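Hi,

Here is the structure I promised to pass on. Have a look at it first, and my notes follow below.

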Number of protein chains: 2
Amino acid sequence: MENNSAINTVLFKKEIQTKRVKKGTILQNQGDINIKSYYVKKGLLRSYTIDEKGKEHIFVFAPEGWIVSDMESHSKGSPAQLFIDALEDTELKVIKKNILDQTSSLTSTEQTKAHTLNLINRISTLQKRVLLLMSASAKERYKDFLITYPNIIQRVPQKMVASYLGITPEALSKIRGEMLK
Amino acid sequence: MENNSAINTVLFKKEIQTKRVKKGTILQNQGDINIKSYYVKKGLLRSYTIDEKGKEHIFVFAPEGWIVSDMESHSKGSPAQLFIDALEDTELKVIKKNILDQTSSLTSTEQTKAHTLNLINRISTLQKRVLLLMSASAKERYKDFLITYPNIIQRVPQKMVASYLGITPEALSKIRGEMLK
DNA sequence: TGTATTTCTTAATATAGATTAACAAATAAA
DNA sequence: TTTATTTGTTAATCTATATTAAGAAATACA
């Protein structure tokens, strides 16, 4: 989920499979049982839900160096909540092992540390996201997005940025219009 | 942050200090440098921010068995973003060590696993929270809160529940009124 | 116990953002 | 290319929630 160059150390070689997928490929469907994690070497993945009204809500964008995984389901062993698909042609590593098993007696201290750091970074990112969703206006959240993920806007359609921010494409268009003045 | 009985195994004895604090005690102020984590043995803590308009936003409630810590700041070594205080007289353990150092060569595999599980549970909780904030109405979020944290409503004033949900006390009062019919 | 303070409720009004719709612009497909 | 599809814009209208205000209820305090 976040940029962490030490990740290669963490990934447990024999459990990993490298893969190339085309833009549009769905890696995980809502309801899937066998949940995996994906490390992005090159390209761009995203995870998202579709609510009862059929509306998409993007949970994360995962560009180079990030990991996407459905923690909620992963930790509970329940079916996937999230869809995961490729927004660009992507080169990735599939991590099949349950994340808990990765912290096995066979992994080194350094690996475990990098692994822990990765989890903490995710929590930190989510903490910020929750606080912004609770206290900031759509415009403020958009401004924060531009700073925090400067390269994403050029790579995805605007409506996906709106979906990530939790607003409609129309609302984002209006905000951008206002910001130009 | 979440209920996990294995936590005692994780906590590294000599780094821990048990403490009793009175209701209202502030354990961490926004801007504090030396960030600690708190494990609640008995009682109730919360973490929260205060925005530019002076409005409080509760990030987590931490009843018995939970840990509160300011991950955002902890991981970056930056000053605390969150306040942490006691909503009831509380018995707690102060974890001074940086969380990364806890995953040292001295901790056992079991400890590390429990520790990892704890982090994953937090991510899982936050994932759900983000998705709810993005896609659900205030009433839906309140209903979810009642199910997920059934005992908290009896222990905190209603306005704090509102603050946790990201709505005003007036809005929550109205929602509760509607739900009685 | 009585008084002050905080919390909760209700209602009127305001506002950010949703919805709907229609069109323009860009991108993909034929 | 030309045409079809997706994406972005603008504007009118609607709705959930915020804001403001005032009184009632509960709680803390003297």
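A residue counts as near a molecule or strand if its C-beta atom, placed from the backbone, lies within 6 Å of it. Please keep in mind that this is a predicted model.

With that cut-off, 16 residues lie around DNA strand C, and those that come nearest are A:Ala138, A:Ala171, B:Gln158, B:Lys159 and B:Ser173. Both protein chains take part: α5 (138-148) and α7 (169-180) of chain A, along with α6 (158-165) and α7 (169-180) of chain B, each give at least two residues to this surface. The largest share, six residues, is from α7(B). By class, the surface near DNA strand C has five nonpolar, five polar and six charged residues.

Now for DNA strand D. Two or more residues each come from α6 (158-165) and α7 of chain A and from α5 (138-148) and α7 of chain B. Here α7(A) provides the largest share, with six residues. The surface near DNA strand D divides into five nonpolar, five polar and six charged residues.

What about the two protein chains themselves? Their contact takes 32 residues from chain A and 32 residues from chain B. On the chain B side, β5 (56-63), α2 (71-76), α3 (99-102) and α4 (109-135) each supply at least two residues. The largest share of that side, 20 residues, belongs to α4(B). Its residues, on the side of chain B that touches chain A, are 13 nonpolar, 13 polar and six charged in total.

Best wishes

How values were computed: Residues numbered from 1 in each chain as written. Chains lettered and ligands numbered in written order. Predicted model: local features only at pLDDT ≥ 70, side-chain atom pairs only at ≥ 80, totals over all residues. Helix = DSSP H or I, 4+ residues; strand = E, 2+ residues; numbered from the N terminus. Nonpolar A, V, L, I, M, F, W, Y, C, P; charged D, E, K, R; others polar. Contact = placed C-beta atoms within 7 Å.
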